[in-house]
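These are my notebook entries on one structure. I looked up a few places in turn and wrote down what I found.

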Amino acid sequence: MATRILGIETSCDETAAAVVEDGHLVRSNVVHSQIALHARWRGVVPEVASRSHTERILPIVEQALHDANVTPQDLTAIAVTHRPGMVGCLLVGLAAAKALAWRFHKPLLGVDHVQAHVHTGLLADPDMPLPALALVASGGHTAMWLLTAPGQSERLGTTRDDAAGEALDKGASLLGLPYPGGPSIEKTARTGDRTRFDLPRTLLGPDSLDFSFSGLKTALLYTLRPQGAPPRAAPPQDQELADLAASYQEAVVDVLVAKLRRAAERHPVRSLCIGGGVARNQRLRERLAGDPRLRSLHLVLPDLALCADNGAMIASLATVAWNRGERSPLDLDAIATPQSGGKAKR
Ligand code: KG4
Ligand code: ZN
């Protein structure tokens with residue numbers, strides 16, 4: 001009989017639910033994004049986000065069941081993100097998942113959100129050869145992981161300050177582009193010259209597998225307004241804006257690619273996969289697909305819908321846990337922080 005898991009995700013600003021069969025058949029994947037709600041603050045406001053989750057969670061779950069053509073009774077288990085994320089947001093998903101698990105006598109499985117992004121390569125391509133190098137780049141996280149077996153990974157490097165998505169969001173704000181910054185910088189950069197502005201690529205020395213993006217943001221600030229210069233009369237426009245966006249995006253992508261090359265040279269990986277909102281970026285995808293030093297690796301670029309926060313990645317990773325015999329108690333807690341230490345199991 002098929003393993004059919006409902007995955008619920010509410011850790012940040014997406015209310016999401018999905019039904020996944022046998023770990024990789026996505027029967028439904030419903031996402032309600034709160035972007036419009038947070039746009040005027042240029043970032044996610046936790047209280048506003050959790051209120052919106054409360055309003056949306058049950059209709060989203062109902063839609064996911066409807067789209068998959070299943071009833072709660074047909075489910076094998078109910079999975080939910082329980083860490084890391086904004087506690088008020090996580091609690092909404094957890095309360096819904098626990099109520100469903102209790103009402104329909106289904107086992108509950110708590111899932112780590114970052115590990116679900118790491119796992120996305122295996123959801124998109126269950127035959128992906130392991131070990132794989134997995135890049136997770138989002139608004140809250142930027143890290144490289146060595147994925148040795150389904151549900152088992154070791155962190156190779158992480159950001160020391162801003163996440164890549166956060167750098168794009170803050171850069172877009174400096175450029176007067178709309179929130180979220182990643183997609184608006186990508187769109188504006190399409191007609192830009194990515195070599196026009198010389199922005200730094202912080203590599204943290206020759207050996208580090210960590211990331212740092214805060215200097216790039218500062219460099220953009222001083223490019224827009226050199227020290228000692230008076231404020232600009234108007235934000236950059238037209239070609240200058242496109243060139244700034246293209247140069248900024250290229251600096252972020254260059255660092256991500258450089259670090260992946262480094263990690264691939266040091267670890268005996270067979271595949272490379274990406275996840276998280278920044279993994280939707282077409283320039284990053286193009287660069288990874290065309291990189292001569294990464295060519296020997298099996299490259300997995302998941303569908304855009306699987307990169308941003310979604311319930312399918314939660315259900316898929318939960319299937320690995322289910323098959324290992326794991327179950328979570330009904331008093332499962334919401335935890336704001338990522339798993340500590342370099343190694344992670346689910
Ligand atoms: O994974 P995600 O949806 O939520 C978090 O867990 O953070 O990632 C959101 C981040 C935002 O910083 C957003 O600007 C970025 O992903 N992003 C992109 C693109 N789409 C979303 N960055 C670059 N290019 C994109 N197309
Ligand atoms: Zn995420």
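Which residues coordinate the zinc ion (ligand 2)? I found His-113 (NE2), His-117 (NE2) and Asp-309 (OD), at 2.1 to 2.2 Å. Donors here are N, O and S atoms within 2.8 Å of the metal (3.2 Å for Na, K and Ca), and water is not among the atoms, so sites may look incomplete.

Before going on, I noted the ground rules. This is a predicted model, in which local features need pLDDT of at least 70 and side-chain atom pairs count only at pLDDT 80 or more, while totals for chains, interfaces and linings use all residues. Residues are numbered from 1 along each chain as its sequence is written, chains are lettered from A and ligands numbered from 1 in the order in which they are written, and side-chain values use heavy atoms, with hydrogens and water left out.

**Entry: the zinc site**

I wrote the spacing of the donor residues of the zinc ion (ligand 2) as H-x3-H-x191-D. His-113 and His-117 are about one helical turn apart, because they are four residues apart in helix H4 (residues 113-124). Helices (H or I, at least four residues) and strands (E, at least two) are DSSP runs, numbered from the N terminus. His-113 and His-117 are both buried. Buried means under 20% relative accessible area, exposed over 50%, and partly exposed in between (1.4 Å probe, protein chains only).

Why is the arrangement around the zinc ion (ligand 2) irregular? The four donor atoms subtend angles of 91 to 153°, so the arrangement gets that label. Four donors count as tetrahedral if all angles lie between 85 and 135 degrees; four count as square planar and six as octahedral if opposite donors are over 155 degrees apart and all others between 65 and 115; anything else is irregular.

**Entry: the cores**

I then looked up the largest nonpolar core and found 47 residues in it. A nonpolar core is a set of buried Ala, Val, Leu, Ile, Met, Phe, Trp, Tyr and Cys residues joined through side-chain atoms within 4.5 Å. Leu-133, Leu-135, Met-144 and Leu-256 have the most contacts inside this core. Several elements supply at least two residues each, among them strand S6 (132-137), strand S7 (142-149) and helix H8 (238-266). H8 gives the most, with 14 residues.

I listed the contacts of Met-144, leaving aside neighbours within four places in sequence; they include Leu-133, Leu-135, Phe-211 and Leu-260. Contact means heavy atoms within 4.5 Å. There is also a second, separate core of 26 residues, which includes Val-19, Ala-96, Ala-101 and Leu-108.

**Entry: rings**

How many aromatic pairs does the structure hold? I found one. Phe-211 and Phe-213 form this pair, which is stacked, with 6.1 Å centre to centre and 10° between the planes. Rings of Phe, Tyr and Trp (its six-membered ring) pair if their centres lie within 6.5 Å; planes under 30 degrees apart count as stacked, over 60 as edge-to-face and the rest as tilted. Phe-211 and Phe-213 are buried.

I also noted two arginines over rings. The charged end of Arg-103 sits over the ring of Phe-104, 4.5 Å from its centre. Arg-327 lies over the face of Trp-322, at 3.5 Å from the ring centre. A charge sits over a ring if NZ of Lys or CZ of Arg is within 6 Å of the ring centre and within 35 degrees of the ring normal.

**Entry: backbone**

Where are the cis peptide bonds I looked up? One joins Leu-130 and Pro-131, with omega about 0°, and Pro-131 is in the loop between H4 and S6. Another joins Tyr-179 and Pro-180, with omega about -5°, and Pro-180 is in the loop between H5 and H6.

His-105 has a phi near 55°, a positive value in a residue other than glycine. I placed His-105 in the loop between helix H3 (87-103) and strand S5 (108-112). Asp-238, not a glycine either, has a positive phi of about 45° and lies in helix H8.

Is Thr-3 buried or exposed? Thr-3 counts as buried because its relative accessibility is 12%. I found Thr-3 in the segment before strand S1 (4-9). Asp-331 has 60% relative accessibility and therefore counts as exposed. The C-alpha atoms of Asp-331 and Lys-98 are 8.4 Å apart, although 233 residues separate them along the chain.
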